[in-house]
Each structure stands twice: as structure tokens, then as C-alpha cells.
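Subject: Structure handover

Hi,

Here is the structure for you to look over. My notes follow below it.

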Amino acid sequence: MVIYRIDIRDVRTRDELHSKIAEVLPLPEYYGRNLDALFDILTESAEERVIEFITEPSVEEALCKFYRAMTAMCRAAEEDNPNLEVIFLDEE
């Protein structure tokens, strides 16, 4: 099992979030930098992995609906891929 830790505590925009994800996860060059593309990548992988997002309340405040959409997408990806676990660790 591989554990990927993505520190998003300083993220304030969607673009910054996708950049952080792309820095850590082994994504294909054609990664579309959107939640649909990320869902496809997370659900297509057979690799057992844990993705830990290190976050804090200011991230959710800055991204609002997009943050909630991302967490919902991660939950849906977990349901679709039994080899995937996504954790959101709130570290202030």
C-alpha cells in the first residue's frame, strides 16, 4: 500500500488545489485538472493507496462549494474503488 500526503493548508483556489494534487500523485500528463478527471484516475487505479489531505478550516472557507464537491467526489471514488482510501486530516 502506498500513502500519499497532500498538504493543502495554504490552498485558496481550485488551480492551487489541482497543482498540489499533481505535485504528489502520479498523474498522467493528460490530467484534466478537474474533479471528473481526478475521479477517473482515482477509480481506474488498481494500486492499493491511501490519500491523506492535510487541511484546515480556512481551506474549506476559501473553496466553499468546490471543497464540498471534492470531498463528495473522494467518497464516491472510495465506494467505486475498494483499493482507495481518502482521509482529510484537519491540522491547524
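Which backbone nitrogen does a side-chain oxygen of Asn 34 reach at the start of α2? That of Asp 36, to within 3.0 Å. Bear in mind that this is a predicted model.

Helix α2

The helix covers residues 35-44. Its buried residues are Leu 35, Ala 37, Leu 38, Ile 41, Leu 42 and Thr 43. In an α-helix, residues three or four places apart point the same way, because there are 3.6 residues a turn.

Thr 43

Thr 43 sits in α2. Its relative accessibility is 18%; the cut-off for buried is under 20%, so Thr 43 counts as buried. A polar atom of the Thr 43 side chain lies 3.3 Å from the backbone oxygen of Asp 40. Leaving aside residues up to four places away in sequence, Thr 43 touches Ala 77, Asp 80 and Asn 81.

Cysteines

The disulfide count is zero. Cys 64 is in no disulfide: the nearest cysteine sulfur belongs to Cys 74, 17 Å away. How do the two stand on exposure, buried or partly exposed? Cys 64 is partly exposed, at 38% relative accessible area. Cys 74 is buried, at 1% relative accessibility.

Best wishes

Key: Residues are numbered from 1 along each chain as its sequence is written. This is a predicted model: local features need pLDDT of at least 70, side-chain atom pairs count only at pLDDT 80 or more; totals for chains, interfaces and linings use all residues. Side-chain values use heavy atoms; hydrogens and water are left out. Helices (H or I, at least four residues) and strands (E, at least two) are DSSP runs, numbered from the N terminus. Buried means under 20% relative accessible area, exposed over 50%, partly exposed in between (1.4 Å probe, protein chains only). A polar contact is a pair of N or O atoms within 3.5 Å; within protein, one must be able to donate a hydrogen and the other to accept it, and residues adjacent in sequence count only if both atoms are side-chain atoms. Contact means heavy atoms within 4.5 Å. A disulfide is a pair of cysteine sulfur atoms within 2.5 Å.
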